[in-house]
Amino acid sequence: MKTLLIDSATNVLYTALCEDDKILFESYVNGKNDHAKAIIVEIEKACHQANTEVSKIDQVIVGYGPGSYTGVRMGVTVGKMIATLKPQIKLYTISTLFLMASGYDDACVLASIDARRGNCFGCIYDFKHMEYKVKESLIAKEELMKHDHQYEVTEQKFRVNPFKVIKNATLVEEPRLLVPNYLRETEAERNLNA
């Protein structure tokens with residue numbers, strides 16, 4: 001089974017293509033609000049390296065946030081387009097924070113994405129017991145750091161275990177209805193409600 005993984009919610013665009021227990025392609029592309037120019041290129045590279053095409057992929061897993069509003073929408077939109085245009089391809093989601101922390105085994109990992117003004121989108125995940133010690137939320141970074149953890153990953157630096165992501169992804173029954181997980185209102189929504 002071929003699985004394409006995409007996450008564009010952070011400063012690092014993550015793309016991987018796996019077949020069963022093999023990683024056929026994996027890339028971490030650093031950027032800053034410019035993943036739009038790289039996301040399709042990385043998917044094409046993945047297919048070329050694996051000697052396949054998008055239509056031959058069985059499932060797509062997208063990091064659906066939290067993170068950069070524009071970044072989250074890019075990955076989610078690409079995943080939705082693939083699943084809508086090729087209905088035989090199943091669409092799954094994974095938390096971007098879980099994806100960022102997935103590279104550590106049997107450890108408590110603090111994952112955070114800067115949300116400005118001293119806040120972050122963050123959580124602490126215990127991979128030994130496969131449970132959240134601190135649930136995903138918009139939280140003061142200082143408050144999150146008070147909780148016990150062994151490792152810390154941020155939107156600038158993280159490593160992914162694609163097989164752990166595949167195992168923990170959630171099927172999207174209606175791809176066209178998928179909405180990103182922003183964890184807070186957009187600035188436009190806040191201004192509208194003010």
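Mentor: Rings of Phe, Tyr and Trp (its six-membered ring) pair if their centres lie within 6.5 Å; planes under 30 degrees apart count as stacked, over 60 as edge-to-face and the rest as tilted. By that rule, ring pairs join Phe98, Tyr125, Phe127 and Tyr132 into a cluster, and the structure holds 8 aromatic pairs. Mind you, this is a predicted model: local features need pLDDT of at least 70, side-chain atom pairs count only at pLDDT 80 or more, and totals for chains, interfaces and linings use all residues. Residues are numbered from 1 along each chain as its sequence is written, and side-chain values use heavy atoms, with hydrogens and water left out.

Trainee: Why is the pair of Tyr104 and Tyr151 called stacked?

Mentor: Their ring centres are 4.4 Å apart and the planes meet at 25 degrees. The limits are 6.5 Å and 30 degrees, so the pair is stacked.

Trainee: How do you know whether Tyr104 is buried or exposed?

Mentor: Buried means under 20% relative accessible area, exposed over 50%, partly exposed in between (1.4 Å probe, protein chains only). Tyr104 has 14%, so Tyr104 counts as buried.

Trainee: And what makes Tyr151 partly exposed?

Mentor: Its relative accessible area is 39%, which lies between 20% and 50%, so Tyr151 is partly exposed.

Trainee: What makes Arg159 a charge over the ring of Tyr104?

Mentor: NZ of Lys or CZ of Arg must be within 6 Å of the ring centre and within 35 degrees of the ring normal. Arg159 lies over the face of Tyr104, 4.1 Å from the ring centre. Likewise, the charged end of Lys164 sits over Phe127, 4.0 Å from the centre of that ring.
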